[in-house]
Amino acid sequence: YGRPQCAAFRDFGNADHPVTLMIRPSPNGDTYEILVARKDASPEFAEELEGTVDFGGGPIKAWLLHFRSQKQHLDVYQFRISAAEMAQGRSASSVILRIRNAPDFAFSLASMPELLSGLDACTADLKTYWNMGGEKDGRIATPASGSVRRLFSANDYPTEAMSRHQEGRAQFLLLVDEKGKVAGCHVILASGVPVLDAMGCAILLDRAQFTPALDRSGKPVRSTLTTPPVQWRIR
């Protein structure tokens, strides 16, 4: 259980060469990220790759980003699939993560029904903690507000996407705390270009500041906010 997210992870391999497998649902429960992290050489810039996730029922095409975790100095592969596709893992005893033109990652799985049920329960608690849907049930009287249009500049365009002449349109779900700071960012409308989606979240987490939501007594409270679509275009 974490303040901005729920996650389950396990280390494989050995102490000298550990490999971590993590399963992480989005706060609204619509998508899941499956991450593989290890201490290894990693790209200077994030790169998008072609990948699949296979729980034994056949490969599932996945959004895939390969990047370096600056804080932990880890090489990370991040796959994203829908909640319906993740449900195939409930009865799985193993998973194979395939990356085009790279070795596969294969992991044994155990207690998947209990694990996914635990993540479902955590996600439900997360929705309550961040007052998701609070505008409808009265917990939030005034939604969080603010603009994201001036946060982005031409210098933010990822090198990987620029070199491939890739453009896209993405939308994000933000977790906004009582001070108006963004505590979490998740893609709800993918652009089709993983590196653009990742850069969008990185910018929003670093630069965005909102007027926080208010409850019926006028007190600032936690809330969620859906951004307008963010358009990435090369001119």
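Colleague: Which residues are buried in α2?
Modeller: Bear in mind that this is a predicted model. The helix has 18 residues and runs 25 Å from its first C-alpha to its last, close to the 26 Å expected. Going along α2, the buried ones are M112, L116, L119, C122, T123 and L126.

Colleague: What residue comes after α2, and what is its phi?
Modeller: α2 takes in residues 112–129. N131 follows the helix, and its phi is positive, near 55°.

Colleague: How many disulfides are there, by the distance rule?
Modeller: The cut-off is 2.5 Å between cysteine sulfur atoms. C6 and C122 meet it with their sulfur atoms 2.0 Å apart, and C185 and C201 meet it at 2.1 Å. In sequence order the bonded cysteines pair 1-2, 3-4. That makes the count two disulfides.

Colleague: How many residues apart in sequence are the parts that C6 and C122 tie together?
Modeller: Both cysteines are buried. C6 lies in the segment before β1, while C122 is in helix α2, so the pair ties together parts whose separation in sequence is 116 residues.

Colleague: Left-handed or right-handed, what is the disulfide of C185 and C201?
Modeller: C185 sits in strand β11 and C201 in helix α5, 16 residues apart. Since buried means under 20%, C185 qualifies at 12% relative accessibility, and C201 does too at 11%. The torsion about their S-S bond is about -85°, so the disulfide is left-handed.

Colleague: Over to the strands: how many bridges join β2 to β3?
Modeller: The two strands form a hairpin with five residues between them, and G29 in the turn has a positive phi of about 80°. P25 stands opposite Y32 in β3. The strands run antiparallel, and the bridge count is seven.

Colleague: Which residue in β7 is the bridge partner of R38?
Modeller: β3 is mostly covered, with six of its eight residues buried. β3 also pairs with β7, in the antiparallel sense and over eight bridges. Within that pairing, R38 has as its bridge partner D75.

Colleague: Is Q78 buried or exposed?
Modeller: Q78 lies in strand β7, residues 74–82. Its relative accessible area is 9%, and the cut-off for buried is under 20%, so Q78 is buried.

Colleague: Which side chain makes a polar contact with the side chain of Q78?
Modeller: Q78 touches several residues beyond four places away in sequence, including R24, I34, W63 and F67. E33 is also among the residues Q78 touches. The polar contact, at 2.8 Å, is with the side chain of E33.

How values were computed: Residues are numbered from 1 along each chain as its sequence is written. This is a predicted model: local features need pLDDT of at least 70, side-chain atom pairs count only at pLDDT 80 or more; totals for chains, interfaces and linings use all residues. Side-chain values use heavy atoms; hydrogens and water are left out. Helices (H or I, at least four residues) and strands (E, at least two) are DSSP runs, numbered from the N terminus. Buried means under 20% relative accessible area, exposed over 50%, partly exposed in between (1.4 Å probe, protein chains only). A polar contact is a pair of N or O atoms within 3.5 Å; within protein, one must be able to donate a hydrogen and the other to accept it, and residues adjacent in sequence count only if both atoms are side-chain atoms. Contact means heavy atoms within 4.5 Å. The expected span of a helix is 1.5 Å times one less than its number of residues. Two strands pair if DSSP finds at least two bridges between them.
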